[in-house]
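Dear colleague,

Please find the structure below, handed over for your own work.

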Amino acid sequence: MGILRKLGATTTAVAMLGVGVFAATGSAGAAPAAKPATTAKAVVVQAAAPAAKKPAKPAGKFVLVPGKLRLDKRCMTGRIICVNKKTRKVAFLYNGKLLATGDARFGAPRTPTRNGFFKLQRKSKNHVSSIYKSPMPYAMFFSGGQAIHYSSDFKARGYNGASHGCINMRDKNKIAWIFNRVKVGDRILVYSA
């Protein structure tokens with residue numbers, strides 16, 4: 001009987017180690033064989049309980065709307081331009097209705113495009129960069145010098161290039177259409193999911 005108790009305590013300890021609560025066993029070897037098994041079940045039930053609550057997403061995670069664009073749920077209210085770096089898309093929405101979408105290119109590793117919630121600060125139809133002296137037609141500034149704008153380089157070279165932090169669009173008609181409809185103060189969300 002003594003061997004069975006030791007075997008039972010070892011089995012319980014191994015089972016509890018698998019659950020990740022080995023430190024909670026204390027004196028499992030001294031207890032009768034039935035008690036450690038009961039204790040192990042109680043501990044297993046307690047350890048499994050948090051896993052059942054997993055559907056709630058922790059703060060800071062993206063909650064995405066199903067679909068190819070992988071839109072953040074925060075894009076579903078009001079007037080907003082949502083920019084997903086992972087799908088390389090710009091989407092202009094009004095109360096969850098998609099009005100326009102287009103391909104996007106972002107900043108290089110040394111000059112990354114900022115993530116976050118922004119407001120459209122100003123618009124400039126025929127803007128030229130004061131730093132790089134390059135044209136930025138249909139520029140919609142959202143964070144300092146960073147803007148969403150048309151890029152002839154993006155149209156010509158595709159994803160073989162990068163911006164200096166701006167969000168480039170390659171379809172001039174689409175960016176012009178969006179430019180003519182957005183208003184200063186509209187929200188812009190830049191994320192990667």
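Phe154 is buried, with a relative accessible area of 0%. This assignment, like everything that follows, comes from a predicted model. Tyr159 has a relative accessibility of 32% and therefore counts as partly exposed, since that value lies between the limits of 20% and 50%.

A search of the whole structure gives 4 aromatic pairs. One of them is formed by Tyr138 and Phe179, whose ring centres are 5.5 Å apart; their planes stand at 70°, so the pair is edge-to-face. This pair links distant parts of the chain, 41 residues apart: Tyr138 belongs to strand S6 (residues 135-143) and Phe179 to helix H4 (residues 172-179). Both Tyr138 and Phe179 are buried. Phe154 and Tyr159 also pair edge-to-face, because their planes are at 65°, with 5.1 Å between the ring centres.

Two arginines sit over rings. The charged end of Arg88 is placed over the ring of Tyr159, 3.9 Å from its centre. Likewise, the charged end of Arg122 sits over the ring of Phe141, at 4.0 Å from its centre.

Arg79 lies in strand S1 (residues 79-84) and is partly exposed, with a relative accessible area of 22%. Beyond its neighbours within four places in sequence, Arg79 is in contact with residues including Phe92, Tyr94, Arg181 and Asp186. A polar atom of the Arg79 side chain lies 2.4 Å from the backbone oxygen of Arg181, and a polar contact of 3.1 Å joins the side chains of Arg79 and Asp186.

With kind regards

Key: Residues are numbered from 1 along each chain as its sequence is written. This is a predicted model: local features need pLDDT of at least 70, side-chain atom pairs count only at pLDDT 80 or more; totals for chains, interfaces and linings use all residues. Side-chain values use heavy atoms; hydrogens and water are left out. Rings of Phe, Tyr and Trp (its six-membered ring) pair if their centres lie within 6.5 Å; planes under 30 degrees apart count as stacked, over 60 as edge-to-face and the rest as tilted. Helices (H or I, at least four residues) and strands (E, at least two) are DSSP runs, numbered from the N terminus. Buried means under 20% relative accessible area, exposed over 50%, partly exposed in between (1.4 Å probe, protein chains only). A charge sits over a ring if NZ of Lys or CZ of Arg is within 6 Å of the ring centre and within 35 degrees of the ring normal. Contact means heavy atoms within 4.5 Å. A polar contact is a pair of N or O atoms within 3.5 Å; within protein, one must be able to donate a hydrogen and the other to accept it, and residues adjacent in sequence count only if both atoms are side-chain atoms.
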